[in-house]
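Hello,

I am passing a structure on to you, and I hope you enjoy looking through it. My notes follow below it.

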Amino acid sequence: MPETWWRGAVIYQVYPRSFADGNGDGVGDLAGLRDRLPYLAGLGVDALWLNPWYPSPMADGGYDVADYRDVAPVFGTLAEAEALIAEAHAAGLRIILDVVPNHSSHESAWFRAAVAAGPGSPERDRFWFRRGRDGGPPNDWQSIFGGPAWTRLPDGDWYLHLFAPEQPDFNWNSPDVVHEFHDVLRFWYDRGVDGIRIDSAALLVKDPDAAPDGRDPYTDRDGVHEIYRGWRKVTDAYPGRMLVGEVWLPDQERFARYLRPDEMHTAFNFDFLNCALEPDALRKVIDTTLATHVPLGAPPTWVLSNHDVVRPVTRYGRADTSFDLQDRRHGAPTDRALGVRRARAAALLAMALPGAVYLYQGEELGLPEVEDLPDDLRQDPIWTRSGHTDPGRDGCRVPLPWSGDEPPFGFGGDPWLPQPPDWKDLTVEAQDADPGSMLSLYRDALALRREHLGDGTLTWLPSADGVLAFARDSGLTCVLNLGDAPVPLTGEVLLASGPLPDGQLPPDTAAWLR
Ligand code: GLC
């Protein structure tokens, strides 16, 4: 494998809690994942990105990390993690770990020490502790999950948490914090991890004393780049390792700064994920993406889903197919069959574009968003912090269906979120041998992609209104019809997202040709 494997890789996102349960307690774990590595190798992906597996009180599904150098008992042990890394490598799969540098857990050793040491102590300097203002918080910042971003301790100090109160924000002005994370990266690189996904990467630098009318006081501050230059230096000492950043920024020019040659290797393309399935909008996002990445020599990434967003088959079945993190449009009417047809077409588009592709577990099964989870089972802090107005992200985190006719569908135990009974038609077992299933489409596409696609460039081809058509370096072409009428195809069809009556490409369908 070349050192730049990540440039054209297909990376499968594993949400460990919901992937497969090896010990029958209803929560996915490393044992379950190790058992299923042959499935992932057989699917044809190149790498796995694992959501946080660290010890955590799970106030935010593990994004509240209590110890960055260990594995949560509910998932397994550090020894099992090392075994998983070795087995994945033997199966030809690289491992990308999630590191959460913006905040910690209120149960981390550092935060406990800070609370114990009291106001004004050096221990508090690793976080953002402040005295209040006029009996209230130091400023009016709101948490991204809803409610105030400051919580008061009994000793009168307030601490900052851009997310839940259980997630105190680190102060990146503290040299301790800088050194700690360099050391954490080395800890995992030394254990064979191939890459790091950087959580909430644009938020690390903040200025709680900034004037309220100035620039955003905590998103994309210029100082954040110095942090990633440091991370890149650490990473460069380990050949073949990579950084991928979670950078949600509307401004492409600002986004591209994170991809300069001495910062991250790649970052998630959320503009593509957010984009409606409309030809002009998509073409614009693709062109802008290429225009910002190519001059930097950084490969674009193509992302349709992850553990924070509404599942594509649900989203694409709605009248408005765009996605907005701030407004999930939960419960908007959706046409399942249409959503599936479009999700299949979008998958062929994403997998044909030049660069790396991220898939989120269950996307390859065409799982819908579960929108009717019982309220008392919802675990996402967004649900409570929004005063029960936003149901949050649990609907895309329901445990995977593997086999059988009824829950737990081979997942193991009594799943921590209930699976809909009609998922019996969506299990891996049910789809495995069906050439028309979503799973077969993903497998076929990934096999072809390995041969003909990946890193490189694209050339747009002339096409009818509502149609996107482009050729890749290998000569393979991708045609996506988002118009109202079928269009003729020329060439040999290698793969199509749906039937092609009379050899024509119907609306909401994509094909790969040569
Ligand atoms: C990122 C994660 C999300 C998490 C948040 C806080 O956006 O993807 O799941 O809740 O960071 O860590």
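How far does a polar side-chain atom of Arg393 lie from an oxygen atom of the ligand? The distance is 2.9 Å, where a polar contact is a pair of N or O atoms within 3.5 Å. The protein covers 95% of the 310 Å² of accessible area that the ligand has on its own (Shrake-Rupley method, 1.4 Å probe).

Please keep in mind that this is a predicted model, in which local features need pLDDT of at least 70, side-chain atom pairs count only at pLDDT 80 or more, and totals for chains, interfaces and linings use all residues. Residues are numbered from 1 along each chain as its sequence is written, and side-chain values use heavy atoms, with hydrogens and water left out.

Around the ligand there are 14 residues (a heavy atom within 4 Å), and the closest are Asp60, Asp199, Glu246, His307 and Asp308. From the side chain of Asp60, an N or O atom is 2.6 Å from a ligand oxygen; for Ser200 the corresponding distance is 3.1 Å.

As for the chain, an automatic or database assignment divides it into domain 1 (10–101 + 175–442), domain 2 (109–160) and domain 3 (457–513). Between the C-alpha centres of domain 1 and domain 3 there are 29 Å.

Best wishes

Methods:
A polar contact is a pair of N or O atoms within 3.5 Å; within protein, one must be able to donate a hydrogen and the other to accept it, and residues adjacent in sequence count only if both atoms are side-chain atoms.
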